Structure formats: C-alpha cells, structure tokens
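Here are some notes on the model, jotted down as I went through it. Have it open while you read.

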Amino acid sequence: MLEDDFGRELTGLRVSLTDRCNFDCVYCHNEGLGDTRGPMAPAEGELSTGEVVRILEVASDHGVEAVKFTGGEPMLRADLEEIVRRTPDELEVSLTTNGTFLPDRAQALADAGLERVNVSQDALDPEDFATLTQSGAYDQVLSGVEAALDAGLAPVKLNMVVFEHTAGYVPEMVEHVADGDGLRLQLIEYMPELAGRPEWAIDIDRVHDWLAEQATEVTAREMHDRTRYWIDGSPDDDRGGLVEVVDPVGNTDFCENCHRVRVTHDGYLKGCLNRNDDLRSLGDRSREAIEAALRDTVAERVPYYGEYLIEDDNGEWVPNPEYADSEGDRAPYEYDREESSASDEAKSARGDGTGRATPDGGDVVED
C-alpha cells in the first residue's frame, strides 16, 4: 500500500471520466463544458475504457480499496456500465452524478457492480433548482433517485452545495432526508477559491451548530474525520436521516484524514482533489507508467489543502509562495473566464445583477 510523508495511506481513487456536463451549475467553475447531447463513446482526449480499467487494476494491486467515478457528468459516457463491470472485484464502486440518466441506467449499473450513488440536488423547489443548475431536469433527478433506490443502490446520498443561495434550503432538505427511506445528505462547503464569487460563501460553522441542535446523536466518520449528524435516529437503527458536512476549506482535520487522489479525464493524477499545479502524467497509460505516476503523486502530497492555497491581505486566494516551485507534467487547467463572463451576461436578465440567476432560498440557516 502506498503511503505519503504524512502517514496517509492511499485507499481511494476518484476517477473523472469526462469534463462534459449537461448542467451549468452557478457554483461550478467548468461552466458546462463540451458536447452534452447524451451518452456517447469516450470523446477525444478522454481516457478509454481499457485505460480506465488498467488504472484501476494497478491501483488495486497497490492496496486501493474504493473508486468513485465522477465528471463532469460521468453518465455522459456510454461505456460506464462496461467500466463498472470490469472494475476489479476488490474495489468498492460508487458514482457521483446529477441523476438525469439514472432512470434508464440505474438497474444496469447495479447489475454491473455499482454499489452506491451520490446525486446532486441543491433545492427541493423546481424553479430554484432550474436556476441553480441552468437546466429543467428537476423531475428527472427525482426519478433518478427513485430508480437508484429501486435498483438497490441504497443509501442514496444527496449532495447539496451550501452557499448564499441554497443555505435557506438546509432545514427542509434535512427533513426530506430524515423522512425518506434510504436517503442521506451531504452538505458541501462552497469553495470560492475555485468557483469565484466570495460573497456567496457562508460560515459553515453556523451549519454545524444548527445541525448539532437538531441531531439526536453526533458521531465522526473516519474518512476526512467528517462529522455525522443523526436526525431522529442513531447508528444503531434504520430510522431517521444521516447528514454529513464536507468542509475542506481551512480544515486541517479533513485533509489529515484524506486517503484519496484524483485521476483526471485526460490522463493525469492529482494529489489533492482541489489542487491544480501538481498534475502527473500517466504517460503511455501502460502499467509501468501508471504505477510510476501513482508513486510520484503520493510522494508529493501536501499536508493539507489550506497550506497550498491561502488568502492574501486583499482577500484573494493565491498559491502559497512556499509551493511556487511546484511543477507538474503539464500547465494547470485553465477555464475560459472571458467565455464564462459572456455566458453570465446572457443570463443576467434573469438574475441578480451579478451575472447569475438567483433563487429565492438565499436566507442562511438561522442561528
């Protein structure tokens, strides 16, 4: 098993299968990139089916225990079922998706070996959901969650990014999960250093405090030392809902308990899911190249995310000068901010003057 300089063993991979997405969520820095007509064969530059499987085989040989397939929207890959089916049996297999293609594919994915699924759902109101995602797929997502439950992929985790425009939905989302069999909730801290718009960020500690008041029991999960809030239930029974908070910003405990690295859709490894200057090439995607990249990536991991990206005196997020000499095998990914701004202008007629449409659920969780 591979271990970094801080005693963290590598036990998990997040594998991005594509950067394409059929949503254009207001908090996402990818801006709905690429061809999104529907599931198709790997696009040019994306890892092939065989390459993904080979990466997983090498990772399994080095003690990795779990893989989560992500994107973009991973279900835009028509070969997803084949990838899942060919994943080594030793690996626990999960998926993060926006849910729009689950109604037709959940059962096939479960039959192929998928064990768990996370579905992005930031609001329970169809109009606000459409505003947040720039899509009209609300009913499809709800159907996708039901299809996943029917296929035996319980518990289904609902992912909700918590920021100014969604924080007001936290109470009803918690109630929704507590009342729904087979559902769990992950509240994900908004990360302005990646998505921009720092004015949208809220104090995640307020969310923790509110959840602690509602919970019948509070525990911790080994992964990331995440706090788990049991609403109207406990770890010893199947009643009630479970809420976790994913809060990596400035949280050293989170990173000290992180045992994952990311594989990008175009064949690079990242030691930190949110870092962007340490990309290690998988080369010719041979077993030897994959193994070398894994070893190098683990060896170069930083102790925690907040040490790599810091806030300067002007409130801007900048790389820590200590890592100014970091060199990956390619330049950091850059997203076309000018193109994004043009897209924002087109949306501003429906929005709040910031270039993004604004839902009605923007009140933060009350103290």
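1. To begin with, in which strand is Thr-96 found? Thr-96 sits in strand E3, residues 92-97; helices (H or I, at least four residues) and strands (E, at least two) are DSSP runs, numbered from the N terminus.

2. Some ground rules. This is a predicted model, where local features need pLDDT of at least 70 and side-chain atom pairs count only at pLDDT 80 or more, while totals for chains, interfaces and linings use all residues. Residues are numbered from 1 along each chain as its sequence is written, and side-chain values use heavy atoms, with hydrogens and water left out.

3. Back to Thr-96. Its relative accessibility is 16%, so Thr-96 counts as buried (buried means under 20% relative accessible area, exposed over 50%, partly exposed in between, with a 1.4 Å probe and protein chains only). Leaving aside residues up to four places away in sequence, Thr-96 touches Lys-68, Phe-69, Thr-70, Pro-74, Asn-118 and Asn-159 (contact means heavy atoms within 4.5 Å).

4. The sheet. Twelve strands make an open sheet with mixed pairing, in the order E7-E8-E9-E6-E5-E4-E3-E2-E1-E10-E11-E12 (two strands pair if DSSP finds at least two bridges between them). At the edges are strand E7 (217-221) and strand E12 (280-281), each pairing on one side only. E5 and E6 run parallel, with seven bridges; Leu-158 has Leu-185 in E6 as its bridge partner.

5. Helix H1 (residues 49-61) lies across strand E1 (12-16), strand E2 (66-70) and strand E10 (260-263), and runs at about 170° to E1. For that angle, axes are lines fitted to C-alpha atoms, for helices over the stretch in contact, and angles run from 0 to 180 degrees between N-to-C directions.

6. Aromatics. How many aromatic pairs does a search of the whole structure find? There are five, where rings of Phe, Tyr and Trp (its six-membered ring) pair if their centres lie within 6.5 Å, and planes under 30 degrees apart count as stacked, over 60 as edge-to-face and the rest as tilted. Phe-163 and Tyr-190 are stacked, 5.3 Å centre to centre with 25° between the planes. Phe-163 is in the loop between strand E5 (156-162) and helix H6 (170-179) and Tyr-190 in the loop between strand E6 (183-189) and helix H7 (192-195), so this pair ties together parts 27 residues apart in sequence. Phe-163 is buried at 0% relative accessibility, and Tyr-190 is buried at 5%.

7. Tyr-190 also pairs with Trp-200: the ring centres are 6.4 Å apart and the planes at 45°, so this one is tilted. Trp-200 lies in the loop between H7 and helix H8 (204-214), ten residues from Tyr-190, and is buried at 1%. Elsewhere, Phe-23, Phe-129 and Tyr-138 form one aromatic cluster.

8. Helix H4 (residues 126-133) has Asp-128, Phe-129, Thr-131, Leu-132 and Thr-133 as its buried residues. These pack against strand E4 (116-120) and helix H5 (138-150). Asp-125 caps the N-terminal end of H4, with a side-chain oxygen 3.1 Å from the backbone nitrogen of Glu-127. After H4 comes Gln-134, with a positive phi near 55°.

9. Cysteines. The structure has zero disulfides (pairs of cysteine sulfur atoms within 2.5 Å). Cys-25 is buried, with a relative accessible area of 12%.

Key: A polar contact is a pair of N or O atoms within 3.5 Å; within protein, one must be able to donate a hydrogen and the other to accept it, and residues adjacent in sequence count only if both atoms are side-chain atoms.
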